[in-house]
Amino acid sequence: MMHRQVHEGRSAPVRRPKLTLFALALGTFAIGTGEFGSNGIIQLFASDLDLTIPVATHAITAYAFGVVVGSPLITLFYARTNRRSLLLGLVVLFLVGNAISALAPSIELLVVFRFVAGSVQGAFFGAGAVVAAYVYGPGRGGRAFATVMGGLTLATIVGSPLGTFIGQSAGWRAMYWTVVAIGLLAGVALVGWLPRTGDLRGSSVVDELRALRRPEVWVMFTVAALGISSIFAVYTFIGPFVTDAARRDASLVPIALAVFGLGMAVGNGLGGRVADRFAHRGLVWGYGGVLALLALIGVAGDNLMVLMPCLFGVGATMMFAIPTIQVRLTSLAPDAPTLMGALNLAALNLANSLGAIGGAVTIDAGWGPLSTVWAGFVLTTAGLILYVTIVARAPVATGIPRLSSRT
């Protein structure tokens with residue numbers, strides 16, 4: 001079976017392993033730029049297509065729905081496909097989704113192809129994590145997933161602001177053409193540097209579906225969706241934090257977003273190493289740290305000197321937890337690592353909705369812009385309690401080598 005071969009050893013050394021990892025990260029950078037860049041151009045395509053902002057957000061929602069629903073379905077449908085072939089096929093689908101998005105004459109077509117583009121994300125991360133784990137070797141699943149996630153965190157720092165700037169300068173369609181160009185570069189890199197080996201062949205659909213029958217997998221999915229939601233209860237509302245709460249000029253908002261993105265990049269790198277050494281610390285420390293920072297923002301976030309370091313800290317502590325989530329998911333279902341990667345990204349996008357909705361509720365209640373952090377605080381607390389009381393006590397699946405860590 002593919003997973004046994006991947007985790008117990010390689011039939012031959014991987015040629016140019018650093019270039020393989022770079023190609024995977026470039027792919028996730030392209031995906032992240034398309035995802036986050038869309039948020040920055042929503043007003044532009046709303047105006048061009050004669051839409052209200054609420055209607056225009058259907059395109060953003062469709063993308064998230066693609067990740068939550070489409071990615072797991074693709075992963076299951078192509079369970080037997082070699083991970084190299086799957087990744088290359090996903091790049092083609094990604095290019096089609098973004099190219100048609102750039103050409104879309106109506107919101108209906110834009111919604112359909114944002115769903116298509118979103119359906120690539122989780123499947124790419126899941127398959128990419130398997131390939132990265134193959135490159136790294138046994139016992140480094142957390143570092144492998146962090147490498148794949150690295151492209152996404154870089155997209156929050158560079159890709160999203162760049163895409164938004166291009167959209168503002170040359171029109172919203174140009175942003176999607178830029179994403180297509182980056183995707184083409186990633187595709188070329190993947191063709192050249194992904195290993196050609198039978199060690200990366202897929203497994204049966206039965207193995208993947210068996211994982212979905214395990215209650216602890218769905219509990220862990222819930223832990224991820226609840227806990228990670230606080231990152232979006234902050235990220236979504238950084239603009240109001242800066243302009244309304246701290247009473248500073250809007251020109252500081254891009255800087256605040258970049259600070260948050262830098263925190264994500266740092267936390268992701270550290271979290272991957274911790275996930276490989278300890279079974280639970282990455283998540284417990286990450287969730288616990290973000291709770292302390294959310295409380296600090298809620299109490300003193302109107303002071304820019306407090307807000308900026310806390311934005312860095314929230315990004316860092318939450319991303320610190322995400323590699324452990326992936327390792328833990330895979331330890332609960334070691335026979336379906338690609339599907340677990342897709343589920344992790346699905347949880348991330350569900351968290352996006354939960355955090356944004358929770359924050360919107362507190363603002364609509366008249367509690368002020370900083371009140372969104374308390375919505376995140378409640379959700380992450382629920383996720384942490386669920387993890388400590390149920391998931392952390394669940395036995396690790398045995399009999400099949402896994403990507404998980406030492407306890």
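**Pocket, cavities and packing**

Guide: In the lining of the largest pocket, 20 residues are nonpolar, 15 polar and one charged. Nonpolar covers Ala, Val, Leu, Ile, Met, Phe, Trp, Tyr, Cys and Pro; charged covers Asp, Glu, Lys and Arg; the others, Gly among them, are polar. The model is predicted, so local features need pLDDT of at least 70 and side-chain atom pairs 80 or more, while totals for chains, interfaces and linings use all residues. Numbering runs from 1 along each chain as its sequence is written, and side-chain values use heavy atoms, without hydrogens or water.

Visitor: How much space lies in the largest pocket, and which residues are closest to its centre?

Guide: Rolling a probe the size of a water molecule over the atoms shows where empty space is left. Here the largest pocket holds about 1400 Å³. It has 36 lining residues, and Phe36, Asn39, Gly40, Ile42 and Thr236 are the closest to its centre. (On a 1 Å grid over the protein atoms alone, a pocket is an open set of points with protein on both sides within 12 Å along at least five of seven lines; a cavity is a set where a 1.4 Å probe fits but cannot get out; lining residues have an atom within 4 Å of a point. Points join across faces, edges and corners, and volume is the space filled by probe spheres set on them. Helices are DSSP runs of H or I, at least four residues, numbered from the N terminus.)

Visitor: How many cavities of 30 Å³ or more are there, and what lines the largest?

Guide: There are three such cavities. The largest has a volume of about 80 Å³, and its lining includes Glu35, Phe36, Leu152 and Met264. H15 gives the most to that lining, with three residues. By class, the lining has eight nonpolar residues, two polar and one charged.

Visitor: Which residues line the second largest cavity?

Guide: Gly27, Ala30, Ile31, Leu90, Val91, Phe94, Val120, Phe124, Gly183 and Ala186 do. This cavity has a volume of about 50 Å³. Eight of its lining residues are nonpolar, two are polar and none is charged.

Visitor: At what angle do H12 and H14 pack?

Guide: Two packed helices are described by the angle between their axes and the distance between the axes. H12 and H14 (residues 304-332) pack at about 35°, with axes 6 Å apart. (Axes are lines fitted to C-alpha atoms over the stretch in contact; angles run from 0 to 180 degrees between N-to-C directions.) Their contact has 19 nonpolar, seven polar and no charged residues.

Notes: Helices (H or I, at least four residues) and strands (E, at least two) are DSSP runs, numbered from the N terminus.
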